[in-house]
Amino acid sequence: MKSTIVLFSVLFILFVSCDKKSSSKEREIISNEHQVPKQVEKSNSDLVTKKVYVPVYSNIYQRTRNDRTQLTSTLSIHNTSETDTLFISRIDYFNTEGKFVRSYIKSPIYLSTFETLEYVVDEEDVSGGSGANFVVEWYGNTKLNPLFQAVMIGGLGSKSFSFVTEGVYFE
């Protein structure tokens, strides 16, 4: 009887103390932070809309084409303005073949002055491949010059590495 109580106590402690890892399907991808209550009128002549292409790598080749190292990628969007708000209307993720994978926002969001938002593609997420990318569409004052970067980090054994890519504007 005593050993049964001890066994159940140990099992209960193990069950309660275990960290449940959520699968990538359970993770919340679409951000609800910073939603714009009502879209800022784009008819204002001081507002401009632009698109940015940001390359990211969810994996890189190691030794051979069949040997890959998985990476965690972080898209960072920086509002570099001291006076103006930056509005983001689209953050879409595409794979190596250029096919749409997912959208990270449903409606426009904003970044206050000097604010940074980050979106992470987990190491286990292989949907993007070695040539994945983000397309970010933004609007705001013509003086705005936001910064769009991706930071990739990974490791092999006891060594780790990271690198950064910059976004480029396109029409």
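**Surface patch, strand pairing and backbone features**

Tyr 53, Val 168 and Phe 170 make a nonpolar surface patch of about 240 Å²; patches comprise residues with over 30% relative accessible area and no salt bridge, with nonpolar side chains (Val, Leu, Ile, Met, Phe, Trp, Tyr) joined within 5 Å and like charges within 9 Å. A salt bridge is a side-chain nitrogen of Lys or Arg within 4 Å of a carboxyl oxygen of Asp or Glu. The model is predicted: local features need pLDDT of at least 70, side-chain atom pairs count only at pLDDT 80 or more, and totals for chains, interfaces and linings use all residues. Residues are numbered from 1 along each chain as its sequence is written, and side-chain values use heavy atoms, leaving out hydrogens and water.

**Exposure**
- Phe 170 belongs to strand β12 (residues 168–170); strands are DSSP runs (E, at least two residues), numbered from the N terminus.
- Phe 170 counts as partly exposed because its relative accessibility is 34% (buried is under 20%, exposed over 50%, partly exposed in between; 1.4 Å probe, protein chains only).
- Phe 114, in the loop between β7 (109–111) and β8 (116–121), counts as exposed at 55% relative accessibility.
- Although not a glycine, Phe 114 has a positive phi of about 60°.

**Hairpin**
- Strands β2 (residues 59–62) and β3 (residues 64–70) pair in the antiparallel sense over 4 bridges; pairing requires at least two DSSP bridges.
- Ile 60 stands opposite Thr 69 in β3.
- The hairpin of β2 and β3 has 1 residue between the strands, and Arg 63 takes a positive phi near 70° there.

**Open sheet**
- An open sheet of 4 strands runs in the order β8-β4-β10-β11, with antiparallel pairing.
- Its edge strands, β8 and β11 (159–166), each pair on one side only.
- Strand β10 (residues 147–156) pairs with β11 over 8 bridges, and Gly 154 has Phe 161 in β11 as its bridge partner.

Conventions
Areas by Shrake-Rupley, 256 points an atom, 1.4 Å probe, with all protein chains shown as cover.
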